[in-house]
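Student: Could we go through a few side-chain features together, with the criteria stated as we go?

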Amino acid sequence: MAFTTTLLAWSVIEFGNSMPSQIGNARAAIRWSTDYLLKAATATPGTLYVQVGDPNMDHKCWERPEDMDTPRNVYKVSKQNPGSDVAAETAAALAAASIVFKDSDPSYSTKLLQTAMKVFDFADRYRGSYSDSLSSVVCPFYCSYSGYHDELLWGASWIHRASNNASFLAYIQSNGQTMGADDDDYSFSWDDKRAGTKVLLSKDFLEKNTEEFQLYKRHSDNYICSLIPGTSSFQAQYTPGGLFYKGSESNLQYVTSTAFLLLTYAKYLSSNGGSASCGTSTVTAERLISLAKKQVDYILGDNPAKMSYMVGFGDKYPQHVHHRGSSLPSVRTHPDHIACSNGFQYLYSASPNPNVLVGAILGGPNNRDSFADDRNNYQQSEPATYINAPFVGALAFFSAN
């Protein structure tokens, strides 16, 4: 949820000018989340509440939110049981959102930034992974595989961007090497922030010529070059239909985040007429935009299956979405309670979902462009907010260009 918020805020920061009719809705969505994150961060001193509900119990039920009767346990990280990864991502979300509200609600913006700094200090001072502190409550569902160093550098980078506070510049300079500044990492997701941090920090070098961040420009180039066919450092995988392919589970999360980074880096490069350096060749901002457009168009239906992977968009889109509220009958059509295990008949049903989950982007097709429109195949048919969040920025850019 925190990563979704950071990426939705980043979408508005970079491309909000291209979504005039939707900027109010975008801000409302961000505020809905940051209101919650503020409560989670400030309710108890020295504590960050990070999860509600036992996922093991929740996965044993297929039921509507209105009928939910599984335990609503609350889980937290604290000084004794740290969670630097989830805390630093929460700090990043609050800091990024503070930029979104800087002009429209200055007092709320200040509150977000001040809380971000406190949460970051907590993340940095009491170091450890939330996977270790909360173990089976978060694993295997959302384990922190990349550790917490990437989140600390990402969180510091967002607070630096939001505040221009010299101490965060100093933090980035003194901790960058140990926190992944020199790692060339080729994916960007809720778990691994390294590529996103490189692009975020490259802005200061490209737009202000801040020498301390030249390193991040170089590594951003390495990341971008890995995606571009024909360059000496190309190593990405694409399906025969041209879709960026990273993994069999929820692959479109990598596609939407990559498209967003391509467009954001193209914007930063264009600010000073720069290009990405790929060995002996250079790659222009226009080339990055073209690759991003190919990915966006593919998701919206320009693909071998002629299937839109955004539910409710286009003539042909998935009908069997792995989503409880969408797949079970609504309370209006079926007012009687549907108990925990009684809902599984709807999970396994061959009928289309009765409630169309308009706008949701699913996990998407496999490495051969094949998609099983099967509710039980969660790897392909499950939606997630973190798939949609960076896509908002990409759509805003292309709607205006």
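Student: Is T239 buried or exposed?

Tutor: This is a predicted model, in which local features need pLDDT of at least 70 and side-chain atom pairs count only at pLDDT 80 or more, while totals for chains, interfaces and linings use all residues. Residues are numbered from 1 along each chain as its sequence is written, and side-chain values use heavy atoms, with hydrogens and water left out. Buried means under 20% relative accessible area, exposed over 50%, and partly exposed in between, with a 1.4 Å probe and protein chains only; T239 counts as buried because its relative accessibility is 4%.

Student: Which residues is T239 in contact with, leaving aside its neighbours within four places in sequence?

Tutor: Contact means heavy atoms within 4.5 Å, and on that basis the partners of T239 are Y245, Y298, N366, N367 and D369.

Student: How is the aromatic pair of F344 and Y348 classed?

Tutor: Rings of Phe, Tyr and Trp (its six-membered ring) pair if their centres lie within 6.5 Å, and planes under 30 degrees apart count as stacked, over 60 as edge-to-face and the rest as tilted. The structure holds 21 aromatic pairs; that of F344 and Y348 is stacked, at 6.2 Å centre to centre with 25° between the planes. F344 is buried because its relative accessible area is 19%, whereas Y348, at 55%, is exposed. The F397 and F398 ring centres are 5.0 Å apart with planes at 80°, so that pair is edge-to-face.
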